[in-house]
Amino acid sequence: MTGAGGGPLARLLGAPVETEEAFTDLPGPGGLFPEEAAHIARAVPVRRAEFATVRHCARTALARLGAPRVPLLPGDRGAPGWPPGFLGSMTHCTGYRAAAVARADALASLGIDAEPDEPLPDPGILRMISLPGERAQLAALTAELPHVSWERLLFSAKESVYKTWFPVTGRWLGFEEAEVTLRPDRPDGGTFTARLLPADSPFRTLSGRFVAEKGLLVTAIALPL
Ligand SMILES: CC(C)(COP(=O)(O)OP(=O)(O)OC[C@H]1O[C@@H](n2cnc3c(N)ncnc32)[C@H](O)[C@@H]1OP(=O)(O)O)[C@@H](O)C(=O)NCCC(=O)NCCS
């Protein structure tokens with residue numbers, strides 16, 4: 001486990017956010033509450049392990065904020081429930097689990113996502129998750145900084161957008177409903193902006209940060225109140 005300062009997510013988010021990251025899974029059920037264990041009982045072992053480890057990360061970060069230790073159960077469309085007065089976001093990919101949490105009186109929402117720094121598994125996916133202007137941007141970024149999988153990074157940024165958007169709106173958001181601009185400001189990271197295209201979106205833009213480190217692409221959005 002690595003808390004503030006130790007992993008890629010901690011480089012992206014500071015106070016009022018607490019983060020916790022893990023690069024290996026906890027052995028066994030990892031301190032799940034009975035209702036969490038029941039929820040995940042029929043899943044394959046790798047899913048049970050990521051579910052338990054990421055919740056351990058979330059509870060560790062929540063404890064630093066003084067939050068009560070409670071079950072973190074998936075709710076509406078998979079969005080996790082948080083202790084009253086707190087909010088957060090969780091992500092997992094091969095070799096990495098991470099959570100970010102904050103007090104609900106400090107932020108409006110949080111969204112984090114991690115992906116392997118590898119090309120998208122199928123070239124057809126890019127057309128499904130991107131807009132024409134985004135694809136032009138990706139081509140330019142790939143020519144300039146070819147060591148980063150920019151298409152996968154765009155995907156991760158959009159997953160962070162959705163995880164920020166959903167707890168506020170309770171609504172689906174399609175990949176074509178946010179236009180993301182990626183702005184590297186150093187070889188291994190930078191910022192991004194998502195323009196929300198639905199006319200009734202409660203916010204016009206979301207601003208986030210990204211890092212490419214340890215074979216991972218990690219994106220994060222902290223939406224101010
Ligand atoms: C739900 C989704 C965002 C998860 O992302 P992912 O990259 O597949 O998986 P990750 O490991 O990064 O994240 C999984 C975690 O996201 C969280 N999550 C799931 N649904 C969520 C939702 N509706 N809102 C917020 N967080 C959610 C959960 O904590 C979950 O982990 P858990 O099941 O162990 O609790 C993704 O599967 C999805 O449905 N995307 C389609 C919508 C979208 O991204 N639109 C783009 C808009 S621009």
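Q: Is Lys214 buried or exposed?
A: This model is predicted. Lys214 sits in the loop between strand 7 (205-213) and strand 8. Its relative accessibility is 56%, over the 50% cut-off. So Lys214 counts as exposed.

Q: What is phi of Lys214, a residue that is not a glycine?
A: The loop between strand 7 and strand 8 holds Lys214. Phi of Lys214 is positive, although the residue is not a glycine. The value is about 55 degrees.

Q: Is Arg77 buried or exposed?
A: Arg77 belongs to the loop between helix 3 (45-64) and strand 2. Its phi is positive, near 50 degrees, and Arg77 is not a glycine. Relative accessibility stands at 54%, so Arg77 counts as exposed.

Q: Which domains does the domain assignment give?
A: Two stretches of the protein are assigned. One covers residues 8-107 and the other covers 120-223. They are domain 1 and domain 2.

Q: How far apart do the C-alpha centres of domain 1 and domain 2 lie?
A: The two domains are in contact: 16 residues of domain 1 meet 18 residues of domain 2. Their C-alpha centres are separated by 22 Å.

Q: How much area do domain 1 and domain 2 bury between them?
A: Carbon and sulfur atoms account for 64% of the buried area. The total for domain 1 and domain 2 is about 1,500 Å².

Q: Which residues of domain 1 lose the most area to domain 2?
A: Three residues of domain 1 together make up 44% of what that side buries. One of them lies in the loop between helix 3 and strand 2. The three are Arg11, Leu12 and Arg77.

Q: Which residue meets Glu213 in a salt bridge?
A: The rule finds 2 salt bridges across the interface of domain 1 and domain 2. The side chain of Glu213 takes part in a salt bridge with an N to O distance of 1.9 Å. Its partner is Arg11.

Q: How many residue pairs are in polar contact between domain 1 and domain 2?
A: The count takes pairs with both residues at pLDDT 80 or more. Between domain 1 and domain 2 it comes to 5 residue pairs.

Q: Which elements each supply at least two residues of the side of domain 1 that touches domain 2?
A: By class, this side has 10 nonpolar, 3 polar and 3 charged residues. Two elements each give at least two of its residues. They are helix 1 (8-12) and strand 2 (86-93).

Q: Is Thr164 buried or exposed?
A: Thr164 is part of helix 6 (residues 150-169). Beyond four places in sequence, it touches Ser109, Leu110, Gly111, Leu206, Ile221 and Leu223. Its relative accessibility is 0%, so Thr164 counts as buried.

Q: How far apart in space are Leu223 and Thr164, C-alpha to C-alpha?
A: Leu223 is in strand 8 (residues 216-223), while Thr164 is in helix 6. In sequence, Leu223 and Thr164 are 59 residues apart. The contacts of Leu223 include Thr164, Val168 and Phe203. C-alpha to C-alpha, Leu223 and Thr164 are separated by 7.5 Å.

Q: What is the relative accessible area of Leu223?
A: Strand 8 holds Leu223. Its contacts also include Leu107, Ala108, Ser109 and Leu206. Leu223 is buried because its relative accessible area is 12%.

Q: Which residue's side chain makes a polar contact with the side chain of Lys158?
A: Lys158 lies in helix 6. At 4% relative accessibility, Lys158 counts as buried. Among the residues it contacts beyond four places in sequence are Ile129, Phe175 and Val180. Its side chain makes a polar contact, at 2.9 Å, with that of Glu134.

Q: Where does Pro16 lie?
A: The peptide bond from Ala15 to Pro16 is cis, with omega near 10 degrees. Pro16 is found in the loop between helix 1 and strand 1 (18-22).

Q: What is the relative accessible area of Ala104?
A: Ala104 occupies the loop between strand 3 (96-103) and strand 4 (109-116). Outside its sequence neighbours within four places, it contacts Gly85, Phe86, Leu87 and Leu225. Ala104 counts as partly exposed because its relative accessible area is 34%.

Definitions and conventions: Residues numbered from 1 in each chain as written. Predicted model: local features only at pLDDT ≥ 70, side-chain atom pairs only at ≥ 80, totals over all residues. Heavy atoms only, no water. Helix = DSSP H or I, 4+ residues; strand = E, 2+ residues; numbered from the N terminus. Buried < 20%, exposed > 50% of the residue type's maximum accessible area, 1.4 Å probe, protein only. Contact = heavy atoms within 4.5 Å. Domains from an automatic or database assignment. Buried area = accessible area lost by both parts, 1.4 Å probe. Salt bridge = Lys/Arg side-chain N within 4 Å of Asp/Glu carboxyl O. Polar contact = N/O pair within 3.5 Å; in protein donor to acceptor, adjacent residues only side chain to side chain. Nonpolar A, V, L, I, M, F, W, Y, C, P; charged D, E, K, R; others polar.
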